[in-house]
Amino acid sequence: SRLVASENLTPPSSDNAYSGIVSLEGVRTVMFLSELNDLQLCACDIGNAYLEAQTREKLCIIAGPEFGELEGHTLVMFKALYGARTSGNRFAEKLADDLRDMGFFQSQVDSAIWMRDCGDHYEYLCTWVDDILFASKNPMLLMETLKNKYKYILKGVGFPEYYLGADIKRVDKDIHDKGVLTMGSTTYVKRCLENYERLLGFKPPKKVSSPMETKYFPELDSTDELDNQGRQIYWSLIGMLQWAVTLGRIDIHHAVMCMSRFRAQPKKGHLMAVARIFGYLNNYKTASIKFRTKVPDYSKFMQEQETDFDWSYIYGKVKELVPKGLPEPKGKSVRTTFFVDANLGHDKVTGRSCSGILTMLNLTPIDWFSKLQNTVETATYGSEFCVARQAIDKILAERYKLRALGVPLDGPAFMFGDNKSVVLSSTIPTHGLNKRHNFLSYHRVRECIAATHEGDPIVRFFHIDGKANPANIQTKTLPGGDIYCHMKP
């Protein structure tokens, strides 16, 4: 960039500079589908990626002495060099053209996830600029095609032991089994701890058994505000923790959500609370997600809720809206599960509650959600209905995502909550609304439960005991033993 662009500024280009990257949720979904359909994972990095594409920008330089006999000549940029404004987009277009030539097409749910029809299943390919993750019966054939036919320089071809900051490996292997695929962040956490020591000048943080003290409320912290340098450190630490959550550290998600709210003006007490989260990571570096593909058995709950009520006198004949043009379902089916929970009056200053949602594909956690609600609720009933509505939106989005990836759905989505009143109000037509200001959430949830697809319900909502609800780790400050009981399964 310095040699060619000489640090000169150019006017904004009229060409699109956007280059999409796959989401970490998309990566986890592809890894899960790979395990489900017995595909092999393979990753690679495209060397000199931007030099593979031609540029559209009209840029030139006057050659300096480093160009030898061409010194003084006007040189026009031909390739999409690093540092130019639209190089990322040009490379993405070049790679997209080659993938289409190989029979791939972009999924409708994520433009950075590509699919190829292989008869009884789909192959999947994820792109993160020049990093590629491929799930196939024979992934090395694709790598050879990229290298020999399209002349890409490939580096690090093989099983993705380290991908986008995540450690990927198999555990619990024996002579009869390939083991369980896992996605963790051990390497990243160790680097975070090193950066923690460098930023604060401290020794490694003291090991603790929980990410937050159960009686600590950061909104009530009365310590002095951090200076400018302290704020910079706080922002860096929070950024590292947020990426750890994205990589799969569900156990610190609630604590990171709580402390992220005070980035505008953190206090010294907030910094010490963040330091405690690092102390927890220092104690539990190796936690990871297991990709387990067994379909969960909910027959017990189905037997307890045998009656399918007639909702047509309330909402009419409601059907799930399924877009046309989605790929034909292939491969093994997937059952989706959503655990929901709310913590009433989570914020002691505003009185707002906290929502928590844990999304599972079969027995694998795929997505997690922890957020302060936008309204103040006066009872647990209202806050639990708010999170149920948020979960309904996620359920419909997840069903669309799986259909867009060509995945057969195993019946309805299963939603579990620990507030029996909300479950009864949602699933029995004759149950009325106790709090009138919750009527939008109330009808949103009930209409979706009333909706069907090909004659079957699309969502079933069941009650579980609060102590058995894993979404508790998304909404409450729990002691270490309770976190372990929820996380271990």
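The model is predicted, so local features need pLDDT of at least 70, side-chain atom pairs count only at pLDDT 80 or more, and totals for chains, interfaces and linings use all residues. Residues are numbered from 1 along each chain as its sequence is written, and side-chain values use heavy atoms, with hydrogens and water left out.

Helices (H or I, at least four residues) and strands (E, at least two) are DSSP runs, numbered from the N terminus. Helix 4 covers residues 139-148, and Pro139, Leu142, Met143 and Leu146 in it are buried (under 20% relative accessible area, with a 1.4 Å probe and protein chains only). Those buried residues fall within an arc of 100° seen down the axis of helix 4, so they line one face of the helix; the arc is that of the directions from the helix axis to the C-beta atoms. As a reminder, an α-helix has 3.6 residues a turn, so residues three or four places apart point the same way.

What do the buried residues of helix 4 pack against? They pack against strand 1 (40-47), strand 5 (113-117), strand 6 (122-128), strand 7 (131-136) and strand 8 (153-158), with contact meaning heavy atoms within 4.5 Å.

Strand 6 is itself mostly covered, with six of its seven residues buried. Two strands pair if DSSP finds at least two bridges between them, and strand 6 has antiparallel pairings with strand 5 and with strand 7:

| Strand pair | Bridges | Residues between the strands | Positive phi |
|---|---|---|---|
| Strand 5 and strand 6 | five | four | Gly119, near 90° |
| Strand 6 and strand 7 | five | two | Val129, near 55° |

Leu125 in strand 6 is the bridge partner of Trp114, while Trp128 stands opposite Asp131 in strand 7.

**Rings and charges**

Rings of Phe, Tyr and Trp (its six-membered ring) pair if their centres lie within 6.5 Å; planes under 30 degrees apart are stacked, over 60 edge-to-face, and the rest tilted. By this rule there are 17 aromatic pairs. One of them is Phe385 with Tyr442, edge-to-face at 5.7 Å centre to centre and 65° between the planes. This pair links distant parts of the chain, 57 residues apart: Phe385 is in helix 11 (residues 380-404) and Tyr442 in helix 13 (residues 439-450). Both Phe385 and Tyr442 are buried. Elsewhere, ring pairs link Tyr298, Phe301, Phe339, Phe414, Phe416 and Phe462 into a cluster.

A charge sits over a ring if NZ of Lys or CZ of Arg is within 6 Å of the ring centre and within 35 degrees of the ring normal. Lys330 lies over the face of Tyr122, at 5.5 Å from the ring centre.

Definitions and conventions: Buried < 20%, exposed > 50% of the residue type's maximum accessible area, 1.4 Å probe, protein only.
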